[in-house]
Amino acid sequence: MGSIVKEQISSDRIERADVSVIVPCYRCIDTIRRAVDSILAQTALPQEIVLIDDFSDDGDLTINELKRLQQASVTVPIKLLCLLENGGPGSARNAGWEIASQPYLAFLDADDSWHPKKLALQFQWMLEHPGVVMSGHATLKRGLTDPIPDLVSTLTAGPVNSYRLLFKNYFPTRSVMLKRELPYRFVPGKRYAEDLLLWLTIALNGNSLWHLNLPLAYSYKEEFGDGGLTGDLWKAERGVQDTYFRLRNDKKISLGLYFLASIFSLFKYARRWLISKWRLV
């Protein structure tokens, strides 16, 4: 990470954020209401929410819940898109990207949630830094009954070097806001590390990515080895290795950097495997 910049950002400057919130949905009837409620609780509401059902095979349970949420929302219009085949979260986000109407996009997964000031703070920061095409922020693991944590720190931000991003993903998808006009997309059908590949593609094409320190989003499970797409550690690692291979094949990184990043990632995989086994003891 580059130099850190401390800033005082007021979340009271805007009432609406010119943001489309994109939420891929797959068999998420137990969590999607929490995710949408956290969007509707924003101090600066988005202009629209885009829910994409990724061909959930649960007998219309997810689709019916999405329709109920769409009909119940009175403060923010909800677009509902139902895909005809399952393509994974990246393909679903691409589909939402195509029908989004706002100049900025924010991503939220159906099993995560946001702090109420997330959009106000991040969107205001993006407006004040028009040269930045993408930003992300810290996130926390939160218990189901835990209260929303207070924001006790001053907002700081720093640029993320594309080569450091090869070794650590600073941008959980639930934290990302980017400009809709970007020409890049998630690789269709890629189900693991599809987000890291997109962030690296954006960065390695000379764009500015920044990380904000405040924890403005929450997950409700461990970072790895705890169900969902993060549950199968080897498939997740193969996704990371595929990301590096694609970047090397496109000549975005050198051969030496490719091998270095690949080996480092395998060491991280081994560490995560050991931690996951320790949890089961």
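Helix H6 (194–204) and helix H7 (233–249) each contribute at least two residues to the lining of the second largest pocket of this predicted model; H6 provides the largest share, four residues. A pocket here is an open set of points on a 1 Å grid where a 1.4 Å probe fits, with protein on both sides within 12 Å along at least five of seven lines, and lining residues have an atom within 4 Å of a point. Helices are DSSP runs (H or I) of at least four residues, and strands (E) of at least two. The pocket has a volume of about 160 Å³, taken as the space filled by probe spheres set on the points. Of its 13 lining residues, Val187, Leu197, Thr201, Leu247 and Asp250 are the closest to the centre.

Nine aromatic pairs were counted, with ring centres within 6.5 Å and planes classed as stacked under 30 degrees, edge-to-face over 60 and tilted otherwise. Trp97 and Phe107 are tilted, because their planes stand at 55°, with centres 6.1 Å apart. Trp97 lies in helix H3 (residues 88–99) and Phe107 in strand E5 (residues 104–107), so the pair links parts 10 residues apart in sequence. Trp97 is buried (under 20% relative accessible area, 1.4 Å probe), at 2%, and Phe107 is buried at 0%. Tyr104 and Phe123 are edge-to-face, at 5.5 Å and 85°. Trp97, Phe107, Phe186 and Trp199 form one aromatic cluster.

Residues are numbered from 1 along each chain. Local features need pLDDT of at least 70 and side-chain atom pairs 80 or more, while totals for chains, interfaces and linings use all residues, and side-chain values use heavy atoms, without hydrogens or water.

Conventions: Phe/Tyr/Trp six-rings, centres within 6.5 Å; stacked < 30°, edge-to-face > 60°. Buried < 20%, exposed > 50% of the residue type's maximum accessible area, 1.4 Å probe, protein only.
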